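Chain totals come before the individual elements.

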Amino acid sequence: MATRKKSLLKVIILGDSSVGKTSLMNQYVNKRFSNQYKATIGADFCTKEVVVNDRVVTMQIWDTAGQERFQSLGVAFYRGADCCVLVYDVTAPNSFKNLDSWRDEFLIQASPRDPEHFPFVVLGNKVDLDNRQVSTRRAQQWCQSKNDIPYYETSAKEGINVEMAFQTIAKNALEQEAEAELINDFPDQLRLNSENNRPGNADNCQC
Amino acid sequence: MSDDLPEEFDLIVIGTGFVESCVAAAASRIGKNVLHIDANDYYGDVWSSFSLEAFIKLLEQPSNSLRNGSYTWHKSTEQEEQPVTSWTRESLLEKSRRFSLDLSPRVAYCAGSLVQLLIQSNICRYAEFRSLDHVCMLYNEELVSVPCSRSDVFNTKTLTMVEKRLLMKFLTACNDYGEDKCNEDSLAFRGRTFLEYLQAQRVTEKIANCVMQAIAMCDANTSFETGMQRTQRFLGSLGRYGNTPFLFPMYGCGELPQCFCRLCAVYGGIYCLKRSVDDINWTDSELLVSSAGKTLRAKHLVCAPSQLPATLATHFGESEPRISRGLFITSKPLGNEELNKGGGGVNLLRLLAANGEREACLIQLSHYSGACPEGLYILHLTTPAISADPAADLADFAAQLFETHASQILLSAYFTIAAPAAEGIANADTPILCTAGPAYEQDYDAAIENARQIFSQLYANEEFLPRAPDPEEIVVDGEDPSALNEHSLPDDLRAQLQDLEQAAQHMDIAD
């Protein structure tokens, strides 16, 4: 069972409803923003190829699909995450306070091997709005207290800092992946729709 | 919890077990407005997987659908100087969350109903699987691997040269059965038993065992047609993924309902765990669900038997024992090194008792299944319930496993999965559609059939879980006019796209 270099990074986005998780994802991947989505409908996951340290990797960004609205994200959502993005709305102090419980929830559900060093990235979204309530300093302090989580202030609407934030996310996810590779987690797992799962040799006979 | 839950729905589904989740996803997929709730704080109901701690807690709290729970911690069989294992109760509990202990574990045929449904609906993008490493059988009290592929047959040391040839010949005949080139001789066995047919082929006892126990999964009374069907199902699932015809979901079967729920949510279904139902009433046109001081209204309602409010449960008949389950955590896998190469994978063994009248299914999981910590193994033992005492129901099977095969058991647990009888559900005089609860089966045929049937009862002419497009394929109206669609493609590219689509369709139905 040889280790296989995984070139697919799973990134999950967490945070209260309507902090802009889907919009951030859409801004980053599709370069577009819409005021239309109130609650997340139809948002599943997006994939984007990124170059990190001269290596091309596919980043798969998973949205909550609205299941966070009544605290009903199942453990399956968290499986195998390489990086967790915590989003709050700088105009909604409660969404900032809840970062603690989202982080805890992630660590419990995903139970990463090394919770101390698992890569999180925090995004304070909607900086384009006037009625800001959470100061940069407060957010930075919180991030520092949690093992120096990288922090970005973004606007999904204006596209501010989104590219840069996700570049960091990809980089940190890949580093996490590099460490996990040494441990050789589950080298043989299959995805059903992919052709390359079929045995390579001519052993496809039905006996 | 701030409760801005909407109050009117096309469909309310209560319980997040496999069947309910299938129905919820299918309804949401065709644009119905779905509320999916569960009284528990986890997905999956009696189809769920649990951490070690949660599992033990569950056994201590009997419910309508899970009862007769018991568990025992076993001390290391201490030959004092040489402790066989360093695992203790404490060290197991410390890794509690590394366990994913299934209540209703099962394997899926690579070309079976579950895999077909997952691919057809594109829900497969949410799930990962492990191909089973070995299909085993007990022969002369020895655990041996049943050769599955042609190279397996060539390489196996289990069979002699002559036996190999006989087995290949037999399986080829089974595979051709029903086709034009079908051997006339085999037609004579219609209406007789599969065992008679097998014996007439003059195979050796070992091969007969191989076929009966592991490949056709038959007993002495199984009809010729059924035996043929099952053999073909086994053979038809070979060569698709991995080396055996079976798959097991990574992290356990409890992941599967969640995959369906995610699709439901992606299409707008609303999810609310920890939400119990106090009562259900109805008028001619709608159902009224009282839950946490609110009245939720829906045109239709689907409910798991385990989550029916007490006032209504009587309509559907008493819950009775259906499946007897044993779950063992060990520090040593069953069988020799050959069967557990590199720490083991996922192995399947079908056991027989009472002269072949009763059967049980054993699934052994190593940490490569994602369901337990490294160095430990989970043994899931399942048999149709014949009493309210799961340990007694499984005693004959457990004896075959553990008396002759030294295994370092650290924890043994037993429980019963109960559900109302099918007649009760069908005859209930209410507009509530009740799902059937888990049955004893390989794969998910009965469960999927149950979901399909409920769905067609609700939405007669609608398609059941048509393919959900991948995110890249979705173009939101008016958002990006420059985005490509099929018609704006140049002709050659459009032809290519159509070819691809056709190829994709062929993949789904290939067998």
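The secondary structure of chain A comprises six helices and six strands, where helices (H or I, at least four residues) and strands (E, at least two) are DSSP runs numbered from the N terminus. This is a predicted model, in which local features need pLDDT of at least 70 and side-chain atom pairs count only at pLDDT 80 or more, whereas totals for chains, interfaces and linings use all residues. Residues are numbered from 1 along each chain as its sequence is written, and chains are lettered from A and ligands numbered from 1 in the order in which they are written.

**Chain totals**

Read from the N terminus, the elements of chain A follow the order β-α-β-β-α-β-α-α-β-α-β-α. Chain B has 16 helices and 20 strands. The table sets out the totals by chain; a residue is buried if 20 or more other C-beta atoms lie within 10 Å of its own, exposed if 12 or fewer, and partly exposed in between, with C-beta atoms placed from the backbone. Two residues are in contact if their C-beta atoms, placed from the backbone, lie within 7 Å.

| Chain | Quantity | Value |
|---|---|---|
| Chain A | Buried residues | 44% of 207 residues |
| Chain B | Buried residues | 47% of 511 residues |
| Chain A | Contacts between residues at least 6 apart in sequence that join residues at least 24 apart | 73% |
| Chain B | Contacts between residues at least 6 apart in sequence that join residues at least 24 apart | 74% |

**Strand pairing in chain A**

Strands of a sheet pair through backbone hydrogen bonds, either parallel or antiparallel. Two strands are taken to pair if DSSP finds at least two bridges between them. In chain A, strand S2 (residues 45–52) and strand S3 (residues 55–62) are joined by eight bridges in the antiparallel sense. Within this pair, A:Val50 stands opposite A:Val57 of S3(A). The hairpin of S2(A) and S3(A) has two residues between the strands, and A:Asn53 adopts a positive phi near 45° there.

**Sheets of chain B**

An open sheet of eight strands in chain B has the order S4-S19-S15-S18-S17-S16-S8-S9, with mixed pairing. Its edge strands are S4 (66–73) and S9 (142–145) of chain B, each of which pairs on one side only. From one strand to the next, the twist averages 20°. Inside this order, strand S15 (residues 319–330) of chain B and strand S18 (residues 377–384) of chain B are antiparallel over eight bridges, and B:Leu327 has B:His380 in S18(B) as its bridge partner.

Helix H13 (residues 390–402) of chain B packs on the sheet and touches S4, S8 (134–139), S15, S16 (346–353), S17 (358–365), S18 and S19 of chain B. The direction of H13(B) makes about 40° with that of S15(B); axes are lines fitted to C-alpha atoms, for helices over the stretch in contact, and angles run from 0 to 180 degrees between N-to-C directions. Helix H2 (residues 52–60) of chain B lies across S4 and S19 (409–420) of chain B, at about 125° to S4(B).

The loop between H13 and S19 of chain B contains B:Gln408. B:Gln408 is partly exposed, with 17 other C-beta atoms within 10 Å. From B:Glu7, B:Gln408 is separated by 401 residues in sequence and by 53 Å in space, C-alpha to C-alpha.

A further open sheet in chain B has three strands in the order S6-S10-S7, with antiparallel pairing. Strands S6 (108–109) and S7 (129–131) of chain B stand at the edges with a single partner strand each, so one side of each has no neighbour in the sheet. S7(B) and strand S10 (residues 246–249) of chain B are joined by three bridges and run antiparallel; B:Phe129 is opposite B:Pro249 in S10(B).

**Helix packing in chain B**

Two packed helices are described by the angle between their axes and the distance between the axes. Helix H1 (residues 18–29) and helix H15 (residues 445–458) of chain B pack at about 40°, with their axes 9 Å apart. H1(B) is therefore oblique to H15(B); angles under 35 degrees count as roughly parallel, over 145 as roughly antiparallel, 65 to 115 as roughly perpendicular and the rest as oblique. Residues making the contact include B:Phe18 and B:Val23 of H1(B) and B:Asn450 and B:Phe455 of H15(B).
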